[in-house]
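Hi everyone, thanks for coming.

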Amino acid sequence: MKSLDWMADAVCAQTDPDLFFPEGAGQNTNKAKKICAACPVRIECGKHAQHLEGDVSHGLRHGAWGGQSPTQRAAAGGPSLTAARDEAILRLTAHGVGPGDISGQLGVNYRTVLRVRAGDRQEEAA
Ligand code: SF4
């Protein structure tokens, strides 16, 4: 996707961003998805999110994009969110980012960060 001109018509740009990128367990994006339903660039937005999620170097896309949660995008045929999450954890680890900061940046559970890092070390040792 080359042009991001569609973003000029994004309805979310005029709303509370916390609705689209909620913090904490459950990450409920139901209010955001209702806003997305009336957005004229919903299709472009959803395609853009899946494009970014297909490139693990961008890491996991957090929040509602194109009227869908990350789980819904994955179910619709996007790349494995688990794989993208794990790649993002390992990429940040390789850059010297600590597990607490990784947890905060990616919005994933601290114990998940530790588990992914431990699993990678076991694979390297094998
Ligand atoms: S579809 Fe939703 S997230 Fe995407 S630009 Fe529109 S309002 Fe924003």
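The accessible surface of the protein chain comes to about 7,700 Å², and carbon and sulfur atoms account for 52% of that area. Please keep in mind that what you see is a predicted model. How much of the chain is buried? Of its 126 residues, 35% are.

Now for the fold. Which kinds of secondary structure do we have here? The protein chain has seven helices and zero strands, so, as a pattern, you can read α-α-α-α-α-α-α along the sequence. Taking contacts between residues at least 6 apart in sequence, 53% join residues at least 24 apart.

Next, the ligand. Where does the ligand sit? You will find it in the largest pocket. Around the ligand are Ala 10, Cys 12, Phe 20, Cys 36, Cys 39, Val 41, Arg 42, Cys 45, Ala 64 and Gly 66. Sorted by class, this shell has eight nonpolar residues, one polar and one charged.

Thr 15 is placed in the segment before helix 1, which covers 17-20. Leaving out residues up to four places away in sequence, Thr 15 touches Phe 20 and Ile 35. Phe 20 is one of the residues around the ligand. As for Ile 35, 20 residues separate it from Thr 15 in sequence, while the C-alpha to C-alpha distance is 8.9 Å.

Moving along, we come to Thr 29, in the loop between helix 1 and helix 2. Why does Thr 29 count as buried? Because its relative accessibility is 4%, and buried means under 20%. Setting aside residues up to four places away in sequence, Thr 29 touches Leu 19, Phe 20, Pro 22, Gly 63, Ala 64 and Ser 69. Among them, Phe 20 and Ala 64 also belong to the ligand's surroundings. Thr 29 and Asp 18 are 11 residues apart in sequence, with 9.3 Å between their C-alpha atoms.

Ser 103 is part of helix 6, residues 99-106, and it is buried, with a relative accessible area of 16%. Beyond its neighbours within four places in sequence, Ser 103 is in contact with Val 108, Asn 109, Tyr 110 and Val 113. From Ser 103 to Leu 114 we count 11 residues in sequence and 9.4 Å in space, C-alpha to C-alpha.

Finally, Thr 112 lies in helix 7, residues 110-125. Thr 112 is at 14% relative accessibility, so it counts as buried too. What is Thr 112 in contact with, leaving aside neighbours within four places in sequence? The answer is Arg 85 and Ile 89.

Notes: Residues numbered from 1 in each chain as written. Predicted model: local features only at pLDDT ≥ 70, side-chain atom pairs only at ≥ 80, totals over all residues. Heavy atoms only, no water. Near = heavy atom within 4 Å. 1 Å grid on protein atoms, 1.4 Å probe; cavity = no way out; pocket = protein on both sides within 12 Å on 5 of 7 lines; lining within 4 Å. Sits in = over half its atoms within 2 Å of the grid points. Nonpolar A, V, L, I, M, F, W, Y, C, P; charged D, E, K, R; others polar. Helix = DSSP H or I, 4+ residues; strand = E, 2+ residues; numbered from the N terminus. Buried < 20%, exposed > 50% of the residue type's maximum accessible area, 1.4 Å probe, protein only. Contact = heavy atoms within 4.5 Å. Areas by Shrake-Rupley, 256 points an atom, 1.4 Å probe, with all protein chains shown as cover.
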